[in-house]
Every structure is written in C-alpha cells, then in structure tokens.
Amino acid sequence: MAVEQHDSSTADEGGESGESGAYPLGLSLASAAVAAAVASPFVWVLLAASNVPFDVALDIITRETTVAVFVNSTVMVTGVTFFSILLGVPLAFLTVRTNLPGRRIWTILVTLPLVIPSYIGAFVFTSAFGEGGDVNEFLAPLGVPRIPDITGLEGAVLVITLYTYPYVYITARAGLKTVDTTLVDAARTLKHTRLQAIRRVVLPQLQPAIAAGALLTALYALSDFGTPAIMGYNVFTTVIESATRRGGGLDRAALLSLQLLAVTVFILAVENRTRNNEKFAGGRQGGQASLARLGAWRWPALAFCSLVVLVAIVLPVVILVGWLLAGPEPGWRVPFQLSNLTNSLKLSLAAALVATLAGLPIAYLSARHDTRVGQLTERLSYFGYAAPGVVVAFALIYLSTRTFPSLNQALPLLIFAYVVRFLPQSVGSTRASFLQVNPALPEAARTLGRTSVGAFRSVTLPLAAPGLLGGAALVFLTTMKELPVTLLLHPTGYETLVMQVWQAHRNQAFYDAAVPALILLGVSAVSIFVILSQEGYDVK
C-alpha cells in the first residue's frame, strides 16, 4: 500500500519528469520525428490539391457528379449513424436494465457483428440475395417471390449498420452501467412511468456515451470503401479509389480527398461540441438499479435480439461455409492459396513491429512527461486513424510517383501506410501500460547506478510488456483485414487474403472467397476479444 501511495503522489508531481528535473529533449525529438512522419501524408494531400489550377479545381468541385458524391456520402453516413443508434441503444438497455432471459449470452452475441468486416458482409449479402442467390433459391420452393436485390444506398446503409451498430451498443451499455440510478428512483416516486423516467432522466445522462459510439460509427461509414463499392453506390471513397487507380485522375482524387478530410474534421468537431455542451456529468452509480420486468414483452425482445444476430452473424457464416462445402466444380478442392495467407501474415507482423517501435517514444513521453510536445505528438499520431484509408493511400501514391519513384508499389511504402493508419492502437495500449508502472521502480534502479536508458530497459519495459504486446496484436489483426490501403499500394503480384476476397467478388467466384473470408472472420474475432479485454469489458 505504501508503494501505491508513492505512485500516486509521484504521478501528481509530473511523473519521471518531476523526478529527473531535466527536459526530455531526445525523447521529444524522437516523438516529433514519428509524429511528423505520420502526419506527412496529409501534407501531401494539401500539396496535391494546391497544385491543381484554380479554374480546374473550381470545375471539378462544382461538377454535378462531385456534388452527387458529397450528397451520397452525407446521406449514407447519416443513415448508418441513425439506424446504428436505433439498434444499439435498445439492445444496450435490454441487456443492462431489463430481466431479458440470457442477458449475458445476448451481451456477447450482439457484440459479435464487429467480427465481420463490412466488405465481406456486403459480398455475402449481394450474392445471397441477388438473382440465383442462395436465399432466393431457398425461398423459391416455399412460394416466396424473389427478394429485391440489396444494392445501392439501401444496401450500403443496411450492411454498414449491421456491422457498426456494436460501437453504439458498447458505449451505450457502458454509459447505462454508470447512470445515477437514484435519479431514476426519484422520478418513479414522482409518478413518472418507467418510459418517462428513461426519456427524462436516463437518456440525457446517456448522451455522451451515445455520441461517442455514433462518432465511431460515422467515421467508419465515411471511410468505408468496400461496402459502397460492392453495392454500386458512389461515395467519396469509391470515387477516390477509382481516380487514383486509373492514374489520370489524380487532380480529382486530391480535391475529393481534401473534401473527405474536411468532412471528417467536421464530424469530429460536432461530436466534440456535443460533448462539451453536456449538462449531465453522469458517472455516479447511486446503488444497484432494479431490473425492469419485461413480462409479455420478453418475447418481442428475444425476437428482436435473435433477428439481429441471425441476419448479421448466422446468415453470413452459414453462406460462407456453404460456399466452401459446395465446391466450385465436381471433384472438391479448397479454393485457397497458402501464399496469400503467408503474405498477409508477413505484412501484418512487419506493421505490428514497426508500429510498436514507432509508438514507444510517443507513448512514454505522453505518459511520463507533462509537456506540450508530448500532448501534440500523441494527438498527431491519431491523424491516420481518423482519416479514411483511401486518403492515406492516395497521399502515398502521390508522394511516391512525384518524389520517390522507387517506393511506388513497394512493400516498405505499404507497411508505412499501415503504420500511419494503425499507430494509435499501439500508442494507446503502450501508454496505458506505462501509466501502470510505478515511477519509483526505475528511480530506484537509477539510484543503484543504472542510467536512465538502462533503468527503462531493465525495469520499465518488462513491466509494460503486456501493453506493448496488446497494441502489437491489435495492429497485426487490423492490418490483416485492411482493404483500401492494400488494394492501392500492394506490389504487383503480391496477393493477400483481402485481395483474394476482392478478386473473388469481381469475378463473382463465390467459392474462391470462402476460405480467405472465414480466415479473416477468425482474425476479426480474435481482435474483438483483444479489444474487449483491453478495455475491461464485462458481461454482468
């Protein structure tokens, strides 16, 4: 207990910077170098846009097609966010505040849609519900007319919602567990019905949590490339990818990338303003709330939860397994190339290693030294994570073709793009681990003759190792399923799992997508469990 008290007092005094009293110049320079490298692609987007002649830029921006892309993207993001809230909040309430049968099981099941990358869900849905698809063939003998194709705006909103509503669900669930229940009880004593108490007391306290989940959902929908492309719905990401891949449309890609970044910043600003305007702090649990008894409503509630899980999880997995078992032709074979898996593993391992090493100085500086450089570099490291992958890919293509031709379609550039995108996963996990290490321990090592670097290597680093490994695991698992960056920056002839799935979609070769898609589902499942364990998520 004495050690914990010393830890708290030391942290209040500014961590190790307070102990040593010296400004961490070397650490600050290293962090600044990493942050500058991560932010550099966005500088190239600005340069690319500024190089477009004004009259050409004005013509591109005011074109009817450009305006349509902006409107399409806005409508899709708004629809996905709205329906994700419509699904996520009721599910959170059912699994936290009611006597729903099997609440713990449903808590896990309704989180699992995050396991499926949305582009795999889109591929499965368009093929299953299309003409001659599995679902239509199953329903035909039952006399059910053909189901309309799931394409366009409706299909994109449906699929992205199914695989992003858990963001709202998880944050809303966490918010419900910290709602001040004494206010709810007080509202009930004032003759409010339970529904009125929820509307007037619970929802205002829950707004910050819902806003946080809605932000994640909106950013994912805005940056999603695979689902709109498969659904044939033109948005920013699909048009940027097409213009970049053709090579002759870099001017348009640059301007649209700049617009997309502006929309991203706008969404972040709206969420931040919503958070700052909240009147309710929440966070005080005034005792264990009694669970709402559903009574006869438990059956509709169970049907609601079952339908979501059936459509989002069971149906896609069953269809993928069905494709695999059916085989592409007489004489069953596994439609899979081992080299695609090994290439994905190599890229993911390399990205995880580089991101872990690059994130070390930023995480340590922000955790142990209260400096403006530490705060700034940590914030800059999140740029790539908030920006869509197609924008990062375009910026690096522009950089390599104009300045470093030898890097064009080279593995180092692809790995760098992964690091730009997923560095915050490593920084966040590593920083949290450094904060858990008692500063008195490395200080004791220094009093015994160790240098600062020696104390860090022999004391701090081993103690923080679980956080480093957790962050590396997240980068590895996320890199495995990254689609737009891989498609645009991969070296010619270097195939991966996501590229095999994408090629199968283009060729409508469903069987060829089965094994890589199922492997990616397994990878995604592991990533979800890592995320939930890192955040201390529980199912009580």
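**Exercise 1. Describe how helices α7 and α9 pack in this predicted model.**

Step 1. Take the geometry. Helix α7 (residues 118-129) and helix α9 (residues 152-176) have axes 9 Å apart, at an angle of about 135°. Helices here are DSSP runs of H or I with at least four residues, strands are E runs of at least two, and both are numbered from the N terminus. Axes are lines fitted to C-alpha atoms, for helices over the stretch in contact; angles run from 0 to 180 degrees between N-to-C directions.

Step 2. Classify the angle. Under 35 degrees is roughly parallel, over 145 roughly antiparallel, 65 to 115 roughly perpendicular, and the rest oblique. Therefore α7 and α9 are oblique to each other.

Step 3. List the contact, meaning heavy atoms within 4.5 Å. From α7 come S118, G121, A122 and F125; from α9 come V159, L162 and Y163. The classes are 5 nonpolar, 2 polar and no charged residues. Ala, Val, Leu, Ile, Met, Phe, Trp, Tyr, Cys and Pro count as nonpolar, Asp, Glu, Lys and Arg as charged, and the others, Gly among them, as polar.

Two conventions apply throughout. Residues are numbered from 1 along each chain as its sequence is written. Local features need pLDDT of at least 70 and side-chain atom pairs 80 or more, totals for chains, interfaces and linings use all residues, and side-chain values use heavy atoms, without hydrogens and water.

**Exercise 2. Which class makes up the contact of α3 with α19?**

Step 1. Helix α3 (residues 25-50) and helix α19 (residues 389-402) cross at roughly 70°, and their axes come within 8 Å. That makes α3 roughly perpendicular to α19.

Step 2. On the α3 side, the contact uses P41, F42, W44, V45, L47 and A48. On the α19 side it uses V391, V392, F394, A395, L396, Y398 and L399.

Step 3. The count is 13 nonpolar, no polar and no charged residues.

**Exercise 3. Describe the packing of α16 with α20.**

Step 1. α16 and helix α20 (residues 411-436) have axes 5 Å apart, at an angle of about 45°. They are therefore oblique to each other.

Step 2. The contact residues divide into 20 nonpolar, 5 polar and 2 charged.

Step 3. Look at one residue of α16 (residues 338-368), S344. S344 is buried, with a relative accessible area of 4%. Buried means under 20% relative accessible area, exposed over 50%, and partly exposed in between (1.4 Å probe, protein chains only). Beyond four places in sequence, S344 touches M480, T496 and L497.

**Exercise 4. Which residues touch the most other members of the largest nonpolar core?**

Step 1. A nonpolar core is a set of buried Ala, Val, Leu, Ile, Met, Phe, Trp, Tyr and Cys residues joined through side-chain atoms within 4.5 Å.

Step 2. The largest has 141 residues; I120, F394, L423 and L489 touch the most other members. Its largest share, 12 residues, comes from α9.

Step 3. Inspect L423. Not counting residues up to four places away in sequence, L423 touches V34, V38, A355, A358, G359, I362, S381 and Y418.

**Exercise 5. Where does G374 sit, and is it buried or exposed?**

Step 1. G374 is in helix α17 (residues 372-380). At 0% relative accessibility, G374 is buried.

Step 2. G374 and S31 lie 343 residues apart along the chain, yet their C-alpha atoms are separated by 7.5 Å.
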